Amino acid sequence: MQHEIIPERIVQELVPGKEISIAHIIAGPDDSLYDKLGLKTGADTRGSAIGLLTVSPPETAIIAADVAVKASGVTLGFLDRVHGTLLVTGAVSDTEAAIQAVINYVRDKMGFSVCEITRT
């Protein structure tokens with residue numbers, strides 16, 4: 001008698017933690033990056049930066065956006081509350097201040113795990 005071999009079935013599911021997994025500042029990005037991201041405003045972008053955050057759960061991007069724009073003179077470039085992505089733009093110092101404020105807030109007030117801020 002032969003036994004039928006049944007393939008193993010693996011079920012994967014996303015269980016969001018409370019974390020910031022990417023916190024990155026792009027200082028002095030090329031104008032083409034602004035164009036490709038739809039962030040170009042026609043203003044001179046020298047001395048500017050793009051700040052990028054990936055947060056989980058994704059709705060936290062809304063809170064992060066609020067904290068970021070209140071912390072400094074950044075402009076909200078993109079917010080995705082479904083995937084947890086936030087882009088802010090502004091002067092390098094404003095962008096750094098905004099990203100740091102978000103990191104501090106979610107870590108200290110909301111108990112999130114956070115990554116270090118990286119820069120290019």
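**Exercise 1. Which helix does Thr60 lie in, and what surrounds this residue?**

Before we start: this is a predicted model, where local features need pLDDT of at least 70, side-chain atom pairs count only at pLDDT 80 or more, and totals for chains, interfaces and linings use all residues. Residues are numbered from 1 along each chain as its sequence is written, and side-chain values use heavy atoms, with hydrogens and water left out.

Step 1. Find Thr60 in helix H2. Helices (H or I, at least four residues) and strands (E, at least two) are DSSP runs, numbered from the N terminus.

Step 2. Check the surface. Thr60 has a relative accessible area of 5%, so Thr60 is buried. The cut-offs are under 20% for buried, over 50% for exposed and partly exposed in between, with a 1.4 Å probe and protein chains only.

Step 3. List the contacts, meaning heavy atoms within 4.5 Å. Leaving aside neighbours within four places in sequence, Thr60 touches Val55, Val106 and Phe112.

Step 4. Pro57 sits in the loop between S2 and H2, and a cis peptide bond joins Ser56 to Pro57, with omega about 0°.

**Exercise 2. Work out how H2 packs against H3.**

Step 1. Take H2 (residues 60-71) and H3 (residues 92-108): their axes are 8 Å apart and the angle is about 130°. Axes here are lines fitted to C-alpha atoms, for helices over the stretch in contact, and angles run from 0 to 180 degrees between N-to-C directions.

Step 2. Name the arrangement. That angle makes H2 oblique to H3. The scale goes like this: under 35 degrees is roughly parallel, over 145 roughly antiparallel, 65 to 115 roughly perpendicular, and the rest oblique.

Step 3. Pick out the residues that meet. From H2 come Thr60, Ile63, Ala64, Val67, Ala68 and Ala71, and from H3 come Ala97, Ala98, Ala101, Val102, Tyr105 and Val106.

Step 4. Sort them by type. The contact of H2 with H3 has 11 nonpolar residues, one polar and no charged. For this sorting, Ala, Val, Leu, Ile, Met, Phe, Trp, Tyr, Cys and Pro count as nonpolar, Asp, Glu, Lys and Arg as charged, and the others, Gly among them, as polar.

**Exercise 3. Which strands pair with S1, and in what sense?**

Step 1. Start with S2. S1 (residues 19-27) and S2 (residues 48-56) run antiparallel and are joined by eight bridges. Two strands pair if DSSP finds at least two bridges between them. Ala23, for one, has Leu53 in S2 as its bridge partner.

Step 2. Move to S5. S1 and S5 run parallel, with two bridges, and Glu19 has Ser113 in S5 as its bridge partner.

Step 3. Finish with S6 (residues 118-119). S1 and S6 also pair in the parallel sense, over two bridges, and Ile25 stands opposite Arg119 in S6.

**Exercise 4. Describe the surroundings of Val114.**

Step 1. Val114 has a relative accessible area of 28%, so Val114 is partly exposed.

Step 2. Apart from neighbours within four places in sequence, Val114 is in contact with Ile20, Ile103, Val106 and Arg107. Val114 and Ile20 are 94 residues apart in sequence, yet 4.8 Å apart in space, C-alpha to C-alpha.

**Exercise 5. How many helices and strands are there, and in what pattern?**

Step 1. Count three helices and six strands.

Step 2. Read along the sequence to get β-α-β-α-β-β-α-β-β.
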